[in-house]
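Me: Could you walk me through some local features of this model? I'd like to start with the backbone and then move on to packing and sheets.

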Amino acid sequence: MQMDTFHWKKNQILAEDYIGQSDQAKTLYPYHFGNLEDWQSRVAWLQDGGTSLRADRGRLVEVLQAYNERIGNSQAAAVQIKALAGKDALAIVGGQQAGLFGGSLLVMYKAITLIQLAREWSAKLERPVVPVFWIAGEDHDFDEVNHIHMLSQAQQIEKVKMDHPTGKRTSVSRLPLTAEAWKEALNALDQSLMDTEFKASLLAKLEGTVVGEASLSDAFARWMAILFGEYGLVLIDSDEPNLRALEASMFEQLIVQNEALTASLLKSQDEVKQAGYGVQAEITQESANLFVFAGEQRLLLHREGEYFADKKNEYRFTKEQLLDMALTTPTQLSNNVMTRPLMQEFLFPVLATVLGAGEIAYWALTKHAFEQFGMKMPILAPRLEFTLIEGTVHKQMNKYEFTFADVLERFEQKKQAWLDAQDTLQLNERFDVVKKDFHASYAPLVETLAAINPGVKKLGDTNLLKILEQIEFLQHKAGEAYKAQFDAALRQLERIRLTILPLAKPQERVYNGCAYLNRYGNDWLRDLVENAIPVDGLHRVYYL
């Protein structure tokens, strides 16, 4: 396994500072993933009972067993679920929205991080540590998860997309998609993928994930089970009805203590600001931090006097009505980004949670909310980050002397420098000399024409500009003709850029994993899962 490490600076300053253990970020989090004593402290806290606000472990295991059996997860996952029933069992939890055909590569990397950490700490602690992938099926932003991107053979970033079946802003897991819609998406994927020895098997597996009128969430869960089930990855949809029933008592507390919850979040927000960081998420005095399903939509609630209402004020509930809903029909309620961490803690004995940079930043806002409910924010572990570089691209990088940092930080300058180095005729310099010399000899002549007639002088000025324009036109055309000699090289350089930084974003945030599974099979994925990789916040370049 050939791999290099690289410090790719996060766009999120707070996450960067947390990973680097800066003094100003330390106070915002109770633990740090890089400190052994913090892991030991977290284990001791959980061992002592942790929070009293905890879901029934036996019922949780039953829910996990039923769900993972339904999505066809492996026997290895079933073993992990059974282990979770033990009093000494702990969990490494992380999640993501349910993306089409698995979503972007970073979703796979989050799953890999869960498996890596669970394996590492299970061995170190000599007790079960179960990797749990929390599918955010309750999220309603369909447009965020209904498409994938792949780099075509023609060096175009192609998009495969599914249309929203109803237009209603409801949870992704509550949107069944027709067999015809799935067939169209699979056909589009088939056309985008090059023909390889792995293609037929890959498409057959994906086709097996969309049986019936599967939702994006169902298909995603089945695909993740195919990819990672053999490593014991346990999956659960946050919008699973049986899980919602188990969450009833936590929803009750989130409603009863709603004003205090908001106060706790605002307190943490003030501390984040005082530490010198910007606002990580929108929190106001009226925020209820809960969603309700009403009118076939998932609606964010805010407090309005004695009522809880949606933004348009179409639906209004008293606290008593919400409490009744929590206890009798909890499937009508849903968490937002601020309450989901608390619900996760309620359900699982969380040793650590695996997060991306943006998540690490907004989790800082939950510190006092955890404490309010007698909980403690778990260890936050940054997910593993990778860029996959194919052999041909790696050779081209070496050929043109482009480093990974060059592509990220100075691609255009480096490309222009390479082109300039090929310019043995020095066309730009020679044309610039011609323009300068012409202007120097012709402009004085034009000035003398004023003595003859102002009209002739004006004509001379126009003539001067036109001649200079013609020289520049020839310069441009000559430059294009010269660059045409390097079309192949420019295409190769563009392939490097599109591989590493497509759409001006990290590869892992844009491309889907199917293209790489189609070209190279599963060996690279097995490498990343089975070989121990330290969770250290560094970015890794993996050479295929």
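What follows is a chat about backbone angles, a helix pair and the sheets.

Me: Before anything else, what kind of model is this, and how are residues numbered?

Reply: This is a predicted model, in which local features need pLDDT of at least 70 and side-chain atom pairs count only at pLDDT 80 or more, while totals for chains, interfaces and linings use all residues. Residues are numbered from 1 along each chain as its sequence is written, and side-chain values use heavy atoms, with hydrogens and water left out.

Me: OK, backbone then. What is the phi of Gln 21?

Reply: Gln 21 has a phi near 55°, a positive value in a residue other than glycine. Most residues other than glycine have a negative phi. Gln 21 lies in the loop between helix H1 (13–19) and helix H2 (23–26), where helices (H or I, at least four residues) and strands (E, at least two) are DSSP runs numbered from the N terminus.

Me: And where is Glu 401 found?

Reply: Glu 401 is in the loop between helix H18 (391–399) and helix H19 (404–422), and its phi is also positive, at about 55°, although Glu 401 is not a glycine.

Me: Is Glu 401 buried or exposed?

Reply: Glu 401 is exposed, with a relative accessible area of 60%, whereas Gln 21 is partly exposed at 28%. Buried means under 20% relative accessible area, exposed over 50% and partly exposed in between, with a 1.4 Å probe and protein chains only.

Me: Switching to helices: at what angle do H6 and H10 pack?

Reply: Helix H6 (residues 105–125) and helix H10 (residues 216–228) pack at an angle of about 50°, with their axes 12 Å apart; axes are lines fitted to C-alpha atoms, for helices over the stretch in contact, and angles run from 0 to 180 degrees between N-to-C directions. That makes H6 oblique to H10, since angles under 35 degrees count as roughly parallel, over 145 as roughly antiparallel, 65 to 115 as roughly perpendicular and the rest as oblique.

Me: Which residues of H6 and H10 meet?

Reply: On the H6 side they are Val 107, Met 108, Ala 111, Ile 112 and Ile 115, which meet Phe 220, Met 224, Leu 227 and Phe 228 of H10, contact meaning heavy atoms within 4.5 Å. The residues of this contact between H6 and H10 divide into nine nonpolar, no polar and no charged, where Ala, Val, Leu, Ile, Met, Phe, Trp, Tyr, Cys and Pro count as nonpolar, Asp, Glu, Lys and Arg as charged, and the others, Gly among them, as polar.

Me: Now sheets. What is the order of the five strands in the open sheet?

Reply: The order is E10-E9-E8-E7-E11, with antiparallel pairing, and two strands pair if DSSP finds at least two bridges between them. Strand E10 (316–318) and strand E11 (333–335) are the edge strands, each pairing on one side only, and the twist averages 35° from one strand to the next. Helix H12 (residues 248–256) packs on the sheet, touching strand E7 (287–294) and E11, and its direction makes about 80° with that of E11.

Me: Last one: how is strand E13 covered?

Reply: Strand E13 (residues 379–382) is covered on both faces, with Ile 379 and Ala 381 on one side and Leu 380 and Pro 382 on the other all buried. Strand E12 (residues 350–355) runs parallel to E13 and is joined to E13 by four bridges, with Leu 355 standing opposite Pro 382.
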